[in-house]
Amino acid sequence: MVKVIIGGQQHLSVPNLPRNSQHTLIRSKTFPAGKYPIEKVWYPLGSFMPWQPVSGGYQVIHTFNRIICTNKPWFVTFEDHRFLYRDPQTKLEEVTYKFLNNRLALENCKRIIAISDYARLRFMNWVKEWDVASKIIGKVDVIHPNFAVRVNQHKSYQNKENLQLIFIGNHIARKGGVVALRLAKKAAKLGLPITIHIVSELWCGFGVPTDFPDANRYAEDLKLLDLNNVVFHNIIPNAKVLELLSQSHFQLMPSLMDTYGYSIIEGFSVGTPAITTNVCALSEIVRHGENGYVLELPLDKLRHWRNWLNGEQTKTEEYWEIVNHAYDDLAEKALQQVQEFLDRSDKEEHYESLSAGALAQVINVHDAEKQNELFDNLYAAAARLY
């Protein structure tokens with residue numbers, strides 16, 4: 001049995017670790033005592049994982065979005081390339097990042113794990129010009145997040161049944177909740193038999209990627225939570241979220257930017273297909289007509305929404321017009337997709353096929369039992385070589 005130190009960003013580690021390991025996984029404590037983030041001391045150190053010493057021997061370390069200084073064998077899992085840098089402003093910061101990043105080329109860094117092809121694409125694009133690129137690139141693998149498969153049979157849809165859609169995401173605009181609300185408004189005007197459930201803390205505006213920074217611009221959209229065909233759930237336990245996913249026919253995530261979309265896989269684990277966009281990693285897990293529907297956005301070469309502006313440009317009226325148009329366009333596309341589904345003469349059979357496709361995705365790519373064995377073997381092999 002191997003003792004493995006787990007460190008770095010906890011939100012990333014939960015779906016990217018073995019769920020029932022034969023080894024001992026020890027969650028490290030940050031230093032000092034988790035109260036003062038190290039980047040407050042010096043910003044570049046935010047890419048580095050400091051941690052308090054652990055009593056007793058350990059053989060392997062697995063970090064998440066963090067680089068570590070150690071002589072032990074270690075793995076790092078990342079969701080995009082941002083753990084490699086934090087916009088160096090000085091020569092000293094550049095030197096620090098180079099020192100940290102070059103640790104990925106050392107022999108004891110056993111594997112660099114991207115959680116998606118999108119993450120791998122961004123990472124490769126960033127490191128390709130490095131002096132040590134040849135030592136790093138061969139270590140990069142893609143291992144998708146893992147979840148329990150919760151059902152063993154696909155779901156069905158009964159003709160003339162009220163279509164239940166669910167949006168899950170605290171960032172109501174970025175993840176597509178605003179699109180869901182505008183879809184509800186359009187559906188209500190047409191008298192379509194749909195109900196949209198919203199699970200969200202309704203965060204929007206400044207600090208949220210792709211959002212227009214003035215949250216007041218979203219006030220009219222948030223009023224749509226009072227529509228008769230909208231059910232607002234606010235913050236609820238994960239068990240309740242899974243129950244709602246089980247009861248829903250489709251999950252809605254028409255996102256403008258999302259590095260992965262864990263809730264989609266949780267929906268797949270109960271046989272719920274998804275309606276989403278083609279940004280980032282979403283098109284890797286949702287395939288149009290197989291396990292859901294994909295709404296197309298214009299993308300750049302790194303699979304980001306091409307019309308996304310940054311910095312001071314986001315504060316302009318021009319940017320509000322861009323995002324506002326995107327929400328409207330996606331809402332119209334989602335409406336057309338829902339209408340097309342409801343108008344199908346074979347929608348019962350088609351829905352069963354979509355649900356079966358959702359289950360197949362989680363069984364073939366995200367099954368926690370299979371990945372449990374995969375990670376356990378990686379840890380054991382690394383410990384033997386040390």
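## Strand pairing and the open sheet

Two strands are said to pair if DSSP finds at least two bridges between them. In this predicted model, strand S8 (residues 194-199) and strand S9 pair in the parallel sense over 3 bridges, and His197 stands opposite Val231 in S9.

These strands belong to an open sheet of 6 strands, whose order is S9-S8-S7-S10-S11-S12 and whose pairing is parallel. Strand S9 (230-232) and strand S12 (292-295) form the edges, each of them pairing on one side only, and the twist from one strand to the next averages 20°.

## A helix across the sheet

Helix H7 (residues 238-247) lies across strand S7 (163-168), S8 and strand S10 (250-253), and H7 runs at about 145° to S7.

## Two helices that cross

Two packed helices are described by the angle between their axes and the distance between the axes. For helix H5 (residues 177-190) and helix H10 (residues 317-343), the axes come within 8 Å and cross at roughly 50°, which makes H5 oblique to H10. The crossing of H5 and H10 is right-handed.

Residues of H5 that take part in the contact include Val178, Arg182 and Leu190, while those of H10 include Asn324, Tyr327 and Gln339. Sorted by class, the contact of H5 with H10 has 10 nonpolar, 2 polar and 4 charged residues.

## A buried threonine

Thr63 is found in strand S3 (residues 60-64), and Thr63 counts as buried because its relative accessibility is 0%. Although Thr63 and Gly7 are 56 residues apart in sequence, their C-alpha atoms are 4.7 Å apart in space.

Conventions
Residues are numbered from 1 along each chain as its sequence is written. This is a predicted model: local features need pLDDT of at least 70, side-chain atom pairs count only at pLDDT 80 or more; totals for chains, interfaces and linings use all residues. Side-chain values use heavy atoms; hydrogens and water are left out. Helices (H or I, at least four residues) and strands (E, at least two) are DSSP runs, numbered from the N terminus. Buried means under 20% relative accessible area, exposed over 50%, partly exposed in between (1.4 Å probe, protein chains only). Axes are lines fitted to C-alpha atoms, for helices over the stretch in contact, and angles run from 0 to 180 degrees between N-to-C directions. Angles under 35 degrees count as roughly parallel, over 145 as roughly antiparallel, 65 to 115 as roughly perpendicular and the rest as oblique. A crossing is left-handed if the near helix is turned anticlockwise from the far one by less than a right angle, and right-handed if clockwise. Contact means heavy atoms within 4.5 Å. Ala, Val, Leu, Ile, Met, Phe, Trp, Tyr, Cys and Pro count as nonpolar, Asp, Glu, Lys and Arg as charged, and the others, Gly among them, as polar.
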